[in-house]
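The sequence and the model are shown first, and a description follows.

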Amino acid sequence: MTDTPATELSNRALAARVWRDYLRPRWKGFVVSVVCAAIVAGLTALLLWLVGPAVDKLITHPTRQAIWTIPLAIACIAVFRAVFQVLQARIINGIGNGIVGDVQVGLFSRLVRADLARLRGAHSGSYVASVLYDAGLIREASTTGVVNYVRESLVVIGAIGTMFWYDPVLTGAVLLIAPVVSMITRRFSKKTTKAAKGAMGETSNLSTAIMESLDGIKIVKIENREADEEARVGEVIARRQKHLVKGSNAKSMAAPATEAFTTIIVALVLLYTGWRAMTGGITAGDFTAFLAALMAAGQSLRQVTNLQTVMAEGFTAARRLFAALDVAPTIVEPAGAAPLPPGDGSVSLDHVDFAYGEGAPALSDVSLRVRRGETVALVGPSGGGKSSILNLIPRFYDVTGGSVSIDGHDVRSVTLASLRDRIALVTQEPFLFDDTIRANIAYAKPDATDDEIEAAARQAAAHDFVSALPEGYATRVGEAGTRLSGGQRQRIAIARAFLKNAPILLLDEATSALDTESEALVQAALERLMAGRATILIAHRLSTVKHADRIYVIDKGRVVETGTHAGLLRGKGLYARLAKAQDLDHAPTPDSEETAS
């Protein structure tokens, strides 16, 4: 990581970093490709030099030996030149695609390991755009762009050397006009860079718009907003196209401008050489060779101009790439962190304060305890801070005050892997990968046997419906598990938690989105899962927390009440008001409790 932000790095610094991170591990192949490019340039210059002897000895003053030696030499040079061109292309293709792979893996790695706060603050569409779009631009600039730039530059140098060989005075005159060509190149390069920045920004917006529309497709359809979504995405595409057209126009104008200028130079050269020929100062072969070299130099200059725009786009993409890669996560392990020692899985929050970024405090002076075999429920109005408490235990976020401990060990002092190995999480909307049921259950334990997977499914009341499917445990669940019902997805998630067998269980509204029949099956599975574990659950329906060992009522980031269901009802506080709203305000009397027992 550099001290200077990537957005402020110079092109030279960016090139150095691209070399260090992506090209240096492949330096042997890169050097070979550059050598191949240099050989191609040298052979091109040799072909240009042979034009003079070919005209003089085959046309103007033909000789018997030259009739076969010069064509043979030209043919051999052409074959060797083609061989080295192919070799260069093959090497560069391998290196370029390897770089794309490295960039994409690096971006995804940074994404999947990023803090939840960062992921919530940026839409995933921008990451997708970087993975798919920026990586290609960096590849073109750092491999094909660099090597071809070297080759075409060397061709220009070789052509100028050939021109010097035949007429140094005229060559010097031509070179005096070269700064004008450089000025034209720089002007169009700036325009291309500006267009590339705009196109990259709109590419991110396009990815975001498409993903949002597809994620919310049910809402789009039920509200008859297809046309509006088409218009919204169409506007983004139009803005992106505007930048792309500007960039393409800059590219398309650069080459003709350079070509027109070169052609004017050729016309002046023809005027000069015509005068020289009339006075006998130049042969036909010399003139033809000089002109061929000049045309070759002009063609290579056009290629260099185009490649400069490729390089400009590559530098722009590199700035975006490194800006994304340089954002370090704040949830990190301390140096020398040790694994969490074995224990019962008791969880303690001691005077915890927490805020999301610079926002208002989400939690203030929260303390709670849960031991192995206990079930603690968090209830209260929406937005009160219940989910924030759950997020702090596996260190999705870090406290801003106080501490979270497991078996007496502060969660910030142990390795993240060992901490999260002790925790199982079941959420309101369980996420399933577009893979088989077997793979989804075994996600927390990839080396699990079929017997272990089936046993977990039985515990979660999932085995029967899985066995009834045509492909059983090999059934693919579809994107986000859409081929299964809500209750089936939830039972697969519970089976995953059974297989993980962690001592701490976090349940976030695990039954609130289910129908009555599914809820009964899932609730029974959850009760089996909760047995013998330290369980913290969030629930809005108070009927699901009546038998919790302790209930913490959370409101505006604070614990406002603590107790059992019956005790809190008698307290006539916030919990009692919530229970009354749900028609659960009948506190059991001692007589009724005795009768029930």
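## Overview of the chain

The chain has 597 residues, of which 45% count as buried. The model is a predicted one. Its secondary structure comprises 20 helices and 10 strands.

Among contacts in the chain with a separation of 6 or more, 77% are accounted for by residues 24 or more positions apart. The accessible surface of the chain amounts to about 30200 Å², and carbon and sulfur atoms hold 59% of that surface.

## The second largest pocket

Rolling a probe the size of a water molecule over the atoms shows where empty space is left. The second largest pocket has a volume of about 340 Å³. Its lining is made up of 23 residues, and those closest to the centre of the pocket are Gln523, Met530, Leu537, Thr544 and Val545.

Two or more residues of this lining come from each of the elements α17 (516-530) and β8 (534-538). The largest share belongs to α17, which gives 6 residues to the lining of the second largest pocket. By residue class, the lining of this pocket divides into 10 nonpolar, 8 polar and 5 charged residues.

## Cysteines

A disulfide is a covalent bond between the sulfur atoms of two cysteines. How many disulfides does the structure hold? The structure holds 0 disulfides.

## Loop residues with a positive phi

Most residues other than glycine have a negative phi. Lys556, which is not a glycine, has a positive phi of about 55°. Lys556 is located in the loop between β9 (550-555) and β10 (558-563). With a relative accessible area of 72%, Lys556 is exposed, since the cut-off for that class is over 50%.

Lys572 also has a positive phi, near 60°, and is a residue other than glycine. The loop that holds Lys572 runs between α18 (565-571) and α19 (574-581). Is Lys572 buried or exposed? Its relative accessible area is 67%, so Lys572 is exposed.

## Two further loop residues

Thr400 sits in the loop between α11 (386-392) and β4 (401-406). Thr400 has a relative accessible area of 56% and is therefore exposed. Which residues does Thr400 contact, leaving aside its neighbours within four places in sequence? Thr400 is in contact with Asp353, Phe354 and Ala355. Another residue, Ser364, stands 36 residues from Thr400 along the chain, and the C-alpha atoms of Thr400 and Ser364 are separated by 9.8 Å.

Arg113 belongs to the loop between α3 (64-112) and α4 (116-121). A relative accessible area of 64% places Arg113 in the exposed class. Arg113 and Ala328 are 215 residues apart along the chain, while a distance of 9.4 Å separates their C-alpha atoms.

Methods:
Residues are numbered from 1 along each chain as its sequence is written. This is a predicted model: local features need pLDDT of at least 70, side-chain atom pairs count only at pLDDT 80 or more; totals for chains, interfaces and linings use all residues. Side-chain values use heavy atoms; hydrogens and water are left out. On a 1 Å grid over the protein atoms alone, a cavity is a set of points where a 1.4 Å probe fits but cannot get out, and a pocket is an open set with protein on both sides within 12 Å along at least five of seven lines; lining residues have an atom within 4 Å of a point. Grid points are joined across faces, edges and corners, and a volume is the space filled by probe spheres set on the points. Helices (H or I, at least four residues) and strands (E, at least two) are DSSP runs, numbered from the N terminus. Ala, Val, Leu, Ile, Met, Phe, Trp, Tyr, Cys and Pro count as nonpolar, Asp, Glu, Lys and Arg as charged, and the others, Gly among them, as polar. A disulfide is a pair of cysteine sulfur atoms within 2.5 Å. Buried means under 20% relative accessible area, exposed over 50%, partly exposed in between (1.4 Å probe, protein chains only). Contact means heavy atoms within 4.5 Å. Accessible areas come from the Shrake-Rupley method with a 1.4 Å probe; for residues, only the protein chains shown count as cover.
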